[in-house]
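Subject: Structure handover

Hi,

Here is the structure I promised to pass on to you. Have a look at it first, and then read on for my notes.

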Amino acid sequence: KHSQYHQSSLVISLISLLIGGLGLSIIYYYFAPQLVSLMFGDKYTDLIPYIKLASVFGILYVGINHLNNYFLAKKSYLVFLLPIAIPFYVVSLMLFGKGIEELIYINILFGAIVTSLYFILYWIYNLKIRTSPQNVQ
């Protein structure tokens, strides 16, 4: 019954989260020293470069979560993309995750790859639904 609203609510929520995430990323980029100093004190200034990168990962994480939940609600097998990708992530962490910066870059790369794959699969999934015989008039 409400299935027709799933796609539009996903798109609207992803756009809203992207705008909010980009807004926060801009704030982190320009005001990271003040935020760290205000929230944690001056002894944590070493975190400043990582906060900027963490905001990128945060946007990707939210995107993955939303797209995964969309496919879960649709009862699609595409929901298994994330569990299939996790072993590659773990191997990447073991092989290349030698320091905090490498860990952050691995997380961002993993998030970007999985988010991109979800968007591609989302596009294919919706194209398949639109062109299926029961939906063609």
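Below is what turned up, grouped by region.

One thing to keep in mind from the start: this is a predicted model.

Let me begin with Ser-55, which belongs to helix 2, the stretch covering residues 48-73. Is Ser-55 buried or exposed? Its relative accessible area is 10%, and the cut-off for buried is under 20%, so Ser-55 counts as buried. A polar atom of the Ser-55 side chain sits 2.7 Å from the backbone oxygen of Lys-52. If you set aside residues up to four places away in sequence, Ser-55 touches Ser-25 and Tyr-28.

Lys-52 comes up again in another setting: it lies over the face of Tyr-29, at 5.0 Å from the ring centre. That brings us to the aromatic residues. How many aromatic pairs does a search of the whole structure find? The search gives 8. Among them is the pair of Tyr-29 and Tyr-30, which is edge-to-face, with 5.0 Å centre to centre and 90° between the planes. Tyr-30 is exposed, at a relative accessible area of 57%.

Another pair, Tyr-77 with Phe-80, is stacked: the centres are 6.4 Å apart and the angle between the planes is 25°. Tyr-77 has a relative accessible area of 73% and is exposed, whereas Phe-80, at 45%, counts as partly exposed. There is also an aromatic cluster, made up of Tyr-70, Phe-71, Tyr-118 and Tyr-122.

Now for the pocket, in case you want to look at it in your own viewer. The largest pocket holds about 270 Å³ of space. It is lined by 16 residues, and the closest to its centre are Leu-17, Leu-18, Ile-59, Leu-60 and Gly-63. Which helices each supply at least two residues of that lining? They are helix 1 (3-40), helix 2 and helix 4 (100-131).

Leaving aside neighbours within four places in sequence, Leu-17 is in contact with Val-62 and His-66. Leu-17 and Val-62 are 45 residues apart along the chain, yet their C-alpha atoms are separated by 7.7 Å.

Happy browsing, and do write back with any questions.

Best wishes

Conventions. Residues are numbered from 1 along each chain as its sequence is written. This is a predicted model: local features need pLDDT of at least 70, side-chain atom pairs count only at pLDDT 80 or more; totals for chains, interfaces and linings use all residues. Side-chain values use heavy atoms; hydrogens and water are left out. Helices (H or I, at least four residues) and strands (E, at least two) are DSSP runs, numbered from the N terminus. Buried means under 20% relative accessible area, exposed over 50%, partly exposed in between (1.4 Å probe, protein chains only). A polar contact is a pair of N or O atoms within 3.5 Å; within protein, one must be able to donate a hydrogen and the other to accept it, and residues adjacent in sequence count only if both atoms are side-chain atoms. Contact means heavy atoms within 4.5 Å. Rings of Phe, Tyr and Trp (its six-membered ring) pair if their centres lie within 6.5 Å; planes under 30 degrees apart count as stacked, over 60 as edge-to-face and the rest as tilted. A charge sits over a ring if NZ of Lys or CZ of Arg is within 6 Å of the ring centre and within 35 degrees of the ring normal. On a 1 Å grid over the protein atoms alone, a cavity is a set of points where a 1.4 Å probe fits but cannot get out, and a pocket is an open set with protein on both sides within 12 Å along at least five of seven lines; lining residues have an atom within 4 Å of a point. Grid points are joined across faces, edges and corners, and a volume is the space filled by probe spheres set on the points.
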